[in-house]
Amino acid sequence: MTSRLHPKIALVTGGAAGIGAAIVRRFVAEGARVLVGDRDQPRGAALCAELGDATCFHGLDVADAESFAGAIATAVARWGRLDILVNNAGIALPAATVQDTSLEQFEELVNVNLRSVFLGCKLAYPHLKASHGCVLNVSSMAGVTGQERHAIYGATKGAINALTKCTAVDWGREGIRINALCPAGVWTDTLRQWIKVQPDPTGIDAYLNRIHALGYCPEPDELATVAAFLCSSEAKFLTGYVMPVSGGSECGYNVHAPTRLADPHS
Ligand SMILES: NC(=O)c1ccc[n+]([C@@H]2O[C@H](COP(=O)([O-])OP(=O)(O)OC[C@H]3O[C@@H](n4cnc5c(N)ncnc54)[C@H](O)[C@@H]3O)[C@@H](O)[C@H]2O)c1
């Protein structure tokens with residue numbers, strides 16, 4: 001293990017579980033100190049108790065400006081600055097078409113997934129400007145290629161990708177980098193919940209393996225290694241990069257994938 005992130009100070013949103021928790025573990029292992037911001041207090045506090053003084057838990061609702069400002073202030077008060085913001089917290093459900101999504105569901109997806117990234121970038125900006133720091137947004141391949149019954153989720157992730165590129169242009173000369181990583185599937189609670197609401201959950205494991213060209217659906221630590229690289233000085237000339245970390249899921253068709261039975265236009 002390298003110490004690429006020593007002596008960086010990071011805030012990881014949604015850091016209590018899944019990809020966020022794997023990023024927290026990896027960052028600490030590579031020398032960073034990390035504020036774990038999450039609305040799941042018991043799980044976040046347990047992770048910090050396990051990892052020790054290099055971490056600190058802060059109860060955070062990323063959709064709430066005051067709450068987000070409090071998390072950033074806590075990191076700065078505790079460790080003196082902020083070098084890295086990982087906007088990871090997000091929700092994937094409901095998995096639905098536009099016509100089957102209520103306005104309340106639309107607003108929740110937009111607030112938790114997109115408003116949060118806007119808030120985090122805006123509130124962290126003065127600290128990142130001072131530290132010549134960086135932002136990493138955890139986006140999704142659903143915001144790049146599209147996905148059935150994920151119109152609003154995909155829209156929030158596509159907007160994150162656009163925000164990442166535009167902000168890279170705005171911030172580049174101030175020495176602040178901003179990138180996004182796009183998983184396809186990753187074994188987390190969110191994915192397990194998603195499987196439960198599929199019309200036919202049988203065989204979804206095989207499907208999840210098949211959509212990745214590399215042949216398997218990854219564990220969160222495979223994303224965390226890439227996150228550490230993107231937030232380290234090894235990636236100092238990378239900004240505005242929307243990076244698939246998707247086992248090649250976007251590369252092409254898989255001959256073993258199920259096919260449609262008929263062309264509806266014929
Ligand atoms: N798992 C996948 O297959 C997959 C694929 C593509 C993208 N992603 C993205 O990865 C990110 C992390 O997802 P995951 O799969 O690790 O999910 P997860 O459910 O394992 O963890 C998400 C964490 O975010 C926290 N969280 C949710 N809403 C929050 C809020 N309003 N404020 C603060 N914390 C909040 C949860 O408490 C939880 O700890 C999300 O942005 C998701 O869209 C996941």
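The structure described here is a predicted model.

### The surroundings of β1

Strand β1 comprises residues 9–13, and five of its five residues are buried. Strand β2, residues 33–38, pairs with β1 in the parallel sense over five bridges. Within this pairing, A10 stands opposite V34 in β2. β1 is also joined to strand β4, residues 84–87, by three bridges, and these two strands run parallel. Here the bridge partner of L11 is L85 in β4.

### The surroundings of β6

Strand β6 is likewise mostly covered, with six of its six residues buried. β6 pairs in the parallel sense with β5 over five bridges, and N137 stands opposite A180 in β6. β6 pairs in the parallel sense with β7 as well, over three bridges, and there L181 stands opposite M243 in β7.

|---|---|---|---|
| β1 and β2 | parallel | five | A10 and V34 |
| β1 and β4 | parallel | three | L11 and L85 |
| β5 and β6 | parallel | five | N137 and A180 |
| β6 and β7 | parallel | three | L181 and M243 |

### Helix α5

β5, α5 and β6 make a right-handed β-α-β unit. Helix α5 runs over residues 151–171; at 1.5 Å a residue, its 21 residues should span 30 Å, and because its end C-alpha atoms are 30 Å apart, the two values agree. The buried residues of α5 are I152, Y153, G154, T156, K157, I160, L163, T164, T167, A168 and W171. These buried residues pack against α4 (103–131), β5 (134–138), β6 (177–182) and β7 (242–244).

### The ligand shell

There are 29 residues around the ligand, of which G14, A17, G18, G90 and T188 come nearest. The elements that give two or more residues to this shell are α1 (18–29) and α6 (189–196). By class, the shell holds 14 nonpolar, 10 polar and five charged residues.

How values were computed:
Residues numbered from 1 in each chain as written. Predicted model: local features only at pLDDT ≥ 70, side-chain atom pairs only at ≥ 80, totals over all residues. Helix = DSSP H or I, 4+ residues; strand = E, 2+ residues; numbered from the N terminus. Expected span 1.5 Å × (residues − 1). Buried ≥ 20, exposed ≤ 12 C-beta atoms within 10 Å, placed from the backbone. Contact = placed C-beta atoms within 7 Å. Near = placed C-beta within 6 Å. Nonpolar A, V, L, I, M, F, W, Y, C, P; charged D, E, K, R; others polar. Pairing = 2+ DSSP bridges. Right-handed = clockwise from strand over helix to strand, strands pointing away.
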